[in-house]
Amino acid sequence: LELNPLNGSYYYKNPGMLRKANLGRDPEAALRLAKSLNSKYRIQLEQAAVSLEASVDFGSPVFSLAFPVFVDKYIQDYRLKSSTARRLRQRQRRLCGQIGVLQLPTIDTQILREAIAADSQFEQSKIKTLLLRFFPYAKSTGLYPPHLANPVDDLFVDPIPQKTRQRI
């Protein structure tokens with residue numbers, strides 16, 4: 001935060017900003033706003049550090065090794081019919097083909113959204129349900145770090161389109 005003596009305005013800049021922001025002439029308001037911007041910048045840095053720390057973990061398994069184990073266990077535990085199991089394995093192969101080379105801690109909501117974006121709304125909801133069960137399983141077995149949030153919690157699934165009916 002710095003004061004411009006020419007016009008009496010306070011300007012704020014942090015390393016994450018491209019240019020300075022004008023915070024006005026009121027010193028108390030400018031100081032309050034600068035403190036909140038500093039805390040927001042600090043939170044962003046901490047989140048980036050946690051993500052980087054998770055991605056540097058060389059011992060983490062890749063998605064394509066952990067997810068099939070979960071799907072097999074899921075099919076056995078719930079004694080699913082063969083047609084349902086076949087659909088789950090199709091979804092497993094598609095997901096493993098798209099994000100299989102990534103380590104589990106590096107998978108975030110954006111990666112999952114990009115992986116399911118091309119699917120239909122019905123498939124997106126089914127995959128989200130499957131992934132909602134996978135990440136707690138991965139945490140409980142030690143495959144996914146317990147300090148990271150479940151990336152599926154914030155995953156957006158496209159809404160089912162309204163039917164277009166023709167008037168009789």
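In which helix is the place of E123? E123 belongs to helix α5, where helices (H or I, at least four residues) and strands (E, at least two) are DSSP runs numbered from the N terminus. This is a predicted model, in which local features need pLDDT of at least 70, side-chain atom pairs count only at pLDDT 80 or more, and totals for chains, interfaces and linings use all residues. Residues are numbered from 1 along each chain as its sequence is written, and side-chain values use heavy atoms, with hydrogens and water left out.

**First selection: E123**

With a relative accessible area of 15%, E123 is buried; buried means under 20% relative accessible area, exposed over 50%, and partly exposed in between, with a 1.4 Å probe and protein chains only. Residues up to four places away in sequence aside, E123 touches R91 and R94, a contact being heavy atoms within 4.5 Å. Select P161 as well: E123 and P161 are 38 residues apart in sequence, and 13 Å apart in space from C-alpha to C-alpha.

**Next: the nonpolar core**

Select F63, F67, L131 and F134. Within the largest nonpolar core, which has 28 residues, these four touch the most other members. A nonpolar core is a set of buried Ala, Val, Leu, Ile, Met, Phe, Trp, Tyr and Cys residues joined through side-chain atoms within 4.5 Å. At least two residues of this core come from each of α2 (63-77), α3 (82-99), α4 (109-116) and α5 (121-140). Apart from this core lies another, of 5 residues, including Y10 and L23.

Now centre on F63. Not counting residues up to four places away in sequence, its contacts include P68, L95, I99, L104, L131 and F134.

**Next: helices α2 and α5**

Two packed helices are described by the angle between their axes and the distance between the axes. The axes of α2 and α5 cross at roughly 105° and come within 10 Å; axes are lines fitted to C-alpha atoms, for helices over the stretch in contact, and angles run from 0 to 180 degrees between N-to-C directions. That makes α2 roughly perpendicular to α5, since angles under 35 degrees count as roughly parallel, over 145 as roughly antiparallel, 65 to 115 as roughly perpendicular and the rest as oblique. To display the contact, select F63, A66, F67, V69, F70, K73 and Y74 in α2 with L130, L131, R133, F134 and Y137 in α5. By class, these residues are 10 nonpolar, no polar and 2 charged; Ala, Val, Leu, Ile, Met, Phe, Trp, Tyr, Cys and Pro count as nonpolar, Asp, Glu, Lys and Arg as charged, and the others, Gly among them, as polar.

**Next: helices α3 and α4**

Here α3 and α4 pack with their axes 10 Å apart, at an angle of about 125°. That makes α3 oblique to α4. On α3 the contact is made by L95, Q98 and I99, and on α4 by I111, L112 and A115. Of these residues, 5 are nonpolar, 1 is polar and none is charged.

Also in helix α3, select Q92. Q92 is buried, at a relative accessible area of 11%, and touches F67, P68 and V71, residues up to four places away in sequence not being counted.

Finish in the loop between α2 and α3, where R79 lies. R79 counts as exposed, at 76% relative accessibility. Although R79 is not a glycine, its phi is positive, at about 45°. Most residues other than glycine have a negative phi.
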